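Welcome! Open your viewer, get ready to select residues, and follow along stop by stop.

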Amino acid sequence: SDGSFVYTPASSSSDQEARCIVHEPLPKGGYSPSGERLIVESRVLQKSDSGKYWVDSTHGISEHLALRVSEVACMLVTQVRNTTVHKRDYIFGQVGLIKQGQDTILVTALHNLVSENEHNGSDSLVAQSAFLRLSNGEDYDADFDALSSKTWKSDLESLNLRDGAVWSYGHDIAWGSFDQEQCKELGRVPALEAVNWTKEQYVVGLKVAMAIYTTREPESDENNRALFSTDKLRTCFGYAEHANIYTGEIVGVYENHIEHNINTYTGFSGAAIFLLDNPNIQHQSIKEEDYGKVIAIHAGCKKALEGVNIAFTIGCIPDGLKGPPCSW
């Protein structure tokens with residue numbers, strides 16, 4: 001991979017459960033992925049004093065935690081074969097680096113990895129392999145069961161969210177490992193711990209954030225009637241090639257999912273949602289030992305559920321995953 005991807009513009013006109021699919025080369029038109037949901041316009045990205053990350057709310061997160069999560073911001077690229085027109089596509093998202101024992105393992109949104117028939121069955125998109133790009137710009141192969149077993153979207157059981165909204169990819173989380181041949185090259189890798197919570201511990205008002213690393217710049221697509229200008233998007237979402245931290249809170253807890261109001265953009269799905277560490281604003285139920293821990297994975301949003309984004313709780317980490325040792 002040389003990083004030379006061309007991205008389809010974000011759209012606010014289609015159902016935002018769609019994956020961020022990119023093309024090589026880019027056909028004008030075609031897929032119209034959408035993940036832009038700017039909920040709180042007053043959150044504006046600012047460069048940190050250290051210059052190592054950008055954040056949209058400096059009072060919610062300490063410098064210590066911000067530096068830690070900026071190290072684990074990580075992009076996921078799934079290579080896809082379009083069997084109808086015989087060309088390569090890519091699914092673009094995020095991946096969380098999670099500490100399990102002494103190892104670092106991977107977690108993302110399942111929909112970043114599944115194969116499916118697009119456009120009423122006319123296009124078969126077969127997910128073939130995935131790699132991750134760390135915030136230092138290095139690429140490493142990733143192993144996910146969803147890829148090796150060729151999971152198809154049509155085989156997944158949809159989940160009811162609320163108010164008639166349905167999530168097509170079920171409990172939208174997939175776990176994976178670093179490619180074992182490359183682990184020696186990696187050395188020690190930073191990772192975040194995850195909570196081991198019961199459902200009752202997820203409550204409205206938890207203060208949370210995501211750290212994002214991307215190689216694309218946000219842009220408005222006037223042809224698709226985007227809600228915000230490119231300048232506005234870049235004010236709130238920032239620029240590429242460094243870690244950006246977006247903050248918010250949990251605004252809904254339901255049977256099959258949780259909802260948050262972090263500002264999101266196309267290609268953010270799969271990002272780890274972690275707890276902020278400011279005791280003056282954090283929910284009273286959160287103990288200091290849980291600051292910075294991952295509680296959920298961002299999946300996307302639905303047009304039917306305005307003003308919120310969808311995430312799925314971590315649950316139990318599966319056994320048997322392997323990875324390089326954690327550096328923390």
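The tour below goes from a helix to a strand and then to one residue.

This is a predicted model, in which local features need pLDDT of at least 70, side-chain atom pairs count only at pLDDT 80 or more, and totals for chains, interfaces and linings use all residues. Residues are numbered from 1 along each chain as its sequence is written, and side-chain values use heavy atoms, with hydrogens and water left out.

**Stop 1: helix α1.** Select residues 63–72, helix α1; helices here are DSSP runs of H or I with at least four residues, and strands are runs of E with at least two, numbered from the N terminus. Colour L65, A66, V69, S70 and V72, which are buried (under 20% relative accessible area, 1.4 Å probe, protein chains only). Now look down the axis of α1: these buried residues fall within an arc of 160 degrees, so they line one face of the helix. The arc is taken from the directions from the helix axis to the C-beta atoms. Among the elements covering them are β4 (74–82) and β15 (243–253).

**Stop 2: strand β7.** Next, select residues 103–108, strand β7, where five of the six residues are buried. Then show β13 (residues 174–178), which pairs with β7 in the antiparallel sense over three bridges. Here T108 stands opposite A174.

**Stop 3: T104.** Stay in β7 and pick T104. Is T104 buried or exposed? T104 counts as buried because its relative accessibility is 0%. Its contacts (heavy atoms within 4.5 Å), leaving aside neighbours within four places in sequence, include L97, F178 and C326. Finish at V189, whose backbone oxygen the side chain of T104 reaches at 3.2 Å.

Notes. Buried means under 20% relative accessible area, exposed over 50%, partly exposed in between (1.4 Å probe, protein chains only). Two strands pair if DSSP finds at least two bridges between them. A polar contact is a pair of N or O atoms within 3.5 Å; within protein, one must be able to donate a hydrogen and the other to accept it, and residues adjacent in sequence count only if both atoms are side-chain atoms.
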